[in-house]
Amino acid sequence: MRMGFVKKLAVVVVGSMIALAGGASADDWHGSGWTATADPEVAAKTVQRMHDQLKSAYEAGDVAGVKSNVRELDGVLDALVTRTDEWATRAETRDNSVKANDLNTELAGKLASMPDGTAKGLPGLDLLSGVTALLTSLLSTLLDLVTSLLGGLPVPVPLPPLPVPPLPVAPVTP
């Protein structure tokens with residue numbers, strides 16, 4: 001009896017884990033794993049997540065973390081630039097995608113010559129101080145990309161209230 005309960009519990013736990021894993025991947029794109037069913041909301045969530053991770057690694061002065069995030073971002077931006085969906089080819093989205101991709105490629109080139117680590121030099125200077133302007137521009141462009149991805153979605157317009165007909169006036173009797 002006890003073994004039957006344990007087996008049922010194991011099935012429920014494994015099933016839950018599979019369902020959770022499937023749900024997590026549906027909310028995010030992973031570079032070359034983007035599917036034909038992807039939409040701008042999912043793309044925006046992915047770019048926003050990657051922006052936040054890159055910013056955190058930069059603020060921590062973690063060169064290895066920045067390099068890792070730039071490599072992951074490279075795959076996502078390449079996939080976004082080559083998409084042919086109507087939402088991905090809108091002028092603003094395409095421009096932001098291409099600009100972010102170019103900045104990311106330039107940043108990757110500069111990071112390649114930097115040693116990994118978080119070493120600090122003089123106050124306010126660290127290993128990443130040489131790429132601060134480029135990284136800041138990339139972070140700003142990523143936010144612009146998120147905005148352009150979400151900006152193309154139809155915005156629900158509230159309907160005006162329907163006019164209510166006036167109440168009939170009761171005839172006055174003398």
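Residues are numbered from 1 along each chain as its sequence is written. In this predicted model, local features need pLDDT of at least 70, side-chain atom pairs count only at pLDDT 80 or more, totals for chains, interfaces and linings use all residues, and side-chain values use heavy atoms, with hydrogens and water left out.

**Whole protein.** Show the cartoon. The protein has 5 helices and 0 strands (DSSP runs: helices are H or I, at least four residues; strands are E, at least two; both numbered from the N terminus). Of its 174 residues, 32% are buried (under 20% relative accessible area, 1.4 Å probe, protein chains only).

**Helix H4.** Select residues 91–112. These 22 residues reach 32 Å from first C-alpha to last, close to the 32 Å expected at 1.5 Å a residue (1.5 Å times one less than the number of residues). Now pick out the buried side of the list: Thr93, Arg94, Asn96 and Ser97 are among the buried residues of H4. So what covers them? The cover for the buried residues of H4 includes helix H3 (63–82) and helix H5 (132–151).

**H4 against H5.** Show side chains next. The contact (heavy atoms within 4.5 Å) includes Ala100, Leu103 and Leu107 of H4 and Leu138, Leu142 and Leu145 of H5.

Key: Buried < 20%, exposed > 50% of the residue type's maximum accessible area, 1.4 Å probe, protein only.
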